[in-house]
Amino acid sequence: MKNSQHLKAYVQLHPENKMAWYLLGKEYYKNGQQGKANYCFNQAGEVYEAFEHSKVPAEMLREYEDGLLQAARQRHQNKQRMRRILLTLVLLLLVFLPDAAAPGTLPGFGETDNSAPEIAGGAPVDLPEELTATSVPETGVQLAPDPVKLAFTAQPGDAAGPGKALAGLLQSSQPTGSTAILRMERSGKWLIWKKKLPLEATLEKSEEGRIVYQSYNSAVCACQPPDSAELKKQAAGWQEDQEELAVLWSAMRSYKSSKGVLPKSLGELEAPFPGNWLGGTTPLMKAKFASLRAAASPAVPQAPAATAKPDTATATGIPAAGQSGNSPGASGDAAAEMPFFTGPLTIIVDKQKHRLAVTSGSIILRNYEIGLGGDKTPEGTFTITDKVVNPNGHDNGEFGSRGMQLSDSNYAIHGTNEPDSIGKDESLGCIRMNRKDVEELFAMVPMGTKVQITKGVLPEELLLPEEAYPSGAPQNQTNPHKVYHWLN
């Protein structure tokens with residue numbers, strides 16, 4: 001019955017939201033209150049007809065209802081908190097102003113207001129007596145609404161994706177918001193992060209609480225979607241930004257794990273070898289370092305590292321609705337500065353398929369072909385402890401132009417002067433990569449990155465974008481004082 005009460009309060013505030021009426025009707029129907037259910041279904045109008053005669057996934061309805069209930073509960077808690085604050089202020093006035101006239105019954109205190117709440121710009125909503133819910137009086141203070149903000153998130157290409165995004169938008173503290181949902185395809189247990197992900201849909205939340213869903217997938221909506229050229233251009237830029245922020249965020253986590261404190265400046269992450277946590281920095285990293293550090297304080301959340309059995313995606317734009325810190329309509333707090341990839345970047349090596357993937361949670365950002373040493377390549381968990389440019393002073397030697405040592409061992413991920421060995425088991429145990437691949441990997445994964453070597457967990461499909469992650473020649477990251485004897 002609590003769900004019914006919250007939904008009643010919601011439709012009082014948002015009588016134009018036909019979906020809310022429909023869900024309230026379903027609650028009454030579940031409780032055997034057929035008369036009330038029919039009234040709500042009548043108010044729902046075409047929404048009732050559409051949902052009763054279509055195969056809408058139950059998960060999406062549950063996500064939407066959970067979002068409505070969460071929004072209603074949060075609003076109720078905020079009003080209760082405001083009432084307590086105002087009551088405290090009144091009591092303080094009574095204590096410190098004894099000569100003031102004795103107060104009578106203050107509006108909003110000491111009595112229950114059973115009238116329907118007034119909607120801004122309209123008349124009070126009249127509900128049947130049996131549907132009228134006890135409401136909490138408003139404070140009378142109305143803030144000017146923020147402009148509609150466009151956020152992006154990436155979700156699985158199934159019914160759960162839009163549902164999670166919808167729930168996140170409803171739970172947002174902003175009165176308005178707009179979210180564009182990009183579609184990630186699944187490959188087994190993994191979600192695939194490709195450049196220029198297809199635009200699945202947009203969700204827009206109005207000040208009245210109405211949600212407008214616009215599909216851009218013609219195969220799903222059986223419609224002609226609006227022009228999306230500009231949206232797709234913005235989405236591509238958002239994806240590039242999220243990769244750079246993922247690298248910076250992961251480097252900050254690794255630094256804190258090693259040093260016990262967050263880096264004070266970006267310079268502490270791009271110091272000369274051996275302090276080169278980052279292979280390079282970008283203008284976006286410089287612009288966002290301070291806000292990400294603030295979001296990470298007082299401690300960077302320690303999410304479990306990705307393993308051979310990935311968990312759900314870390315998400316977001318809309319957290320797990322993408323967990324990404326670009327949540328729709330998020331307020332200007334630290335959460336608004338969180339990157340989409342909140343989990344650390346992790347390397348997964350699949351000996352069976354000769355693949356090396358860069359992952360965050362259950363999302364694969366890259367999937368490279370590699371050369372290995374068969375049984376000579378050990379399985380287990382390692383950490384990148386050295387990142388060196390031109391190992392042993394050469395960019396075309398046996399270790400190529402980049403090397404990343406695995407823990408305190410004689411194994412490394414490095415380039416090779418034998419490109420024909422990629423895809424084969426010809427090394428003495430190390431992991432060989434093509435030059436352009438190892439240089440991109442060097443730029444993407446910070447020192448301290450976990451490396452999991454296992455079998456049979458990655459997809460066969462390579463994931464190599466045409467436009468690689470920025471990986472220019474880094475300065476001062478050579479190590480002329482050491483001769484590496486990796487088991488190439």
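In this predicted model, Lys18, Trp21, Tyr22, Leu24, Gly25, Lys26, Tyr28 and Tyr29 of helix 2 meet Gln34, Lys36, Ala37, Tyr39, Cys40, Phe41, Gln43 and Ala44 of helix 3, where contact means heavy atoms within 4.5 Å. The protein chain holds 10 helices and 13 strands; helices (H or I, at least four residues) and strands (E, at least two) are DSSP runs numbered from the N terminus. Residues are numbered from 1 along each chain as its sequence is written, and side-chain values use heavy atoms, with hydrogens and water left out. As the model is predicted, local features need pLDDT of at least 70 and side-chain atom pairs count only at pLDDT 80 or more, while totals for chains, interfaces and linings use all residues.

**Overall surface**

- Of the 488 residues in the protein chain, 48% are buried; buried means under 20% relative accessible area, exposed over 50%, and partly exposed in between (1.4 Å probe, protein chains only).
- The protein chain exposes about 23,500 Å², of which carbon and sulfur atoms supply 51%; accessible areas come from the Shrake-Rupley method with a 1.4 Å probe, and for residues only the protein chains shown count as cover.

**Helix packing**

- Two packed helices are described by the angle between their axes and the distance between the axes.
- Helix 2 (residues 18-30) and helix 3 (residues 34-44) have axes that come within 8 Å and cross at roughly 165°; axes are lines fitted to C-alpha atoms, for helices over the stretch in contact, and angles run from 0 to 180 degrees between N-to-C directions.
- Helix 2 and helix 3 are therefore roughly antiparallel (angles under 35 degrees count as roughly parallel, over 145 as roughly antiparallel, 65 to 115 as roughly perpendicular and the rest as oblique).
- The crossing of helix 2 and helix 3 is left-handed, a term used if the near helix is turned anticlockwise from the far one by less than a right angle, and right-handed if clockwise.
- Helix 8 (residues 229-259) packs against helix 9 (residues 283-296) at an angle of about 50°, with the axes 10 Å apart.
- That angle makes helix 8 oblique to helix 9, and the crossing is right-handed.
- Residues that make this contact include Leu245, Leu248, Trp249 and Met252 of helix 8, together with Leu284, Met285, Phe289 and Leu292 of helix 9.

- Helix 10 (residues 435-444) is largely enclosed by the rest of the structure, because 8 of its 10 residues are buried.
- The buried residues of helix 10 are Asp437, Val438, Glu439, Glu440, Leu441, Phe442, Ala443 and Met444.
- Gln477 lies in the segment after strand 13 (450-454) and is buried, with a relative accessible area of 4%.
- Leaving aside neighbours within four places in sequence, the contacts of Gln477 include Phe273, Lys387, Val389 and Phe442.
- The side chain of Gln477 also reaches the backbone oxygen of Gly279 at 3.3 Å.

**Backbone features in loops**

- The peptide bond from Phe273 to Pro274 is cis, with omega near 5°, and Pro274 is placed in the loop between helix 8 and helix 9.
- His354, although not a glycine, has a positive phi of about 55°.
- His354 belongs to the loop between strand 6 (346-350) and strand 7 (355-360) and is buried, with a relative accessible area of 12%.
- Asn390 is likewise not a glycine and has a positive phi of about 50°.
- Asn390 sits in the loop between strand 9 (380-389) and strand 10 (402-406) and is partly exposed, with a relative accessible area of 25%.

Methods
A polar contact is a pair of N or O atoms within 3.5 Å; within protein, one must be able to donate a hydrogen and the other to accept it, and residues adjacent in sequence count only if both atoms are side-chain atoms.
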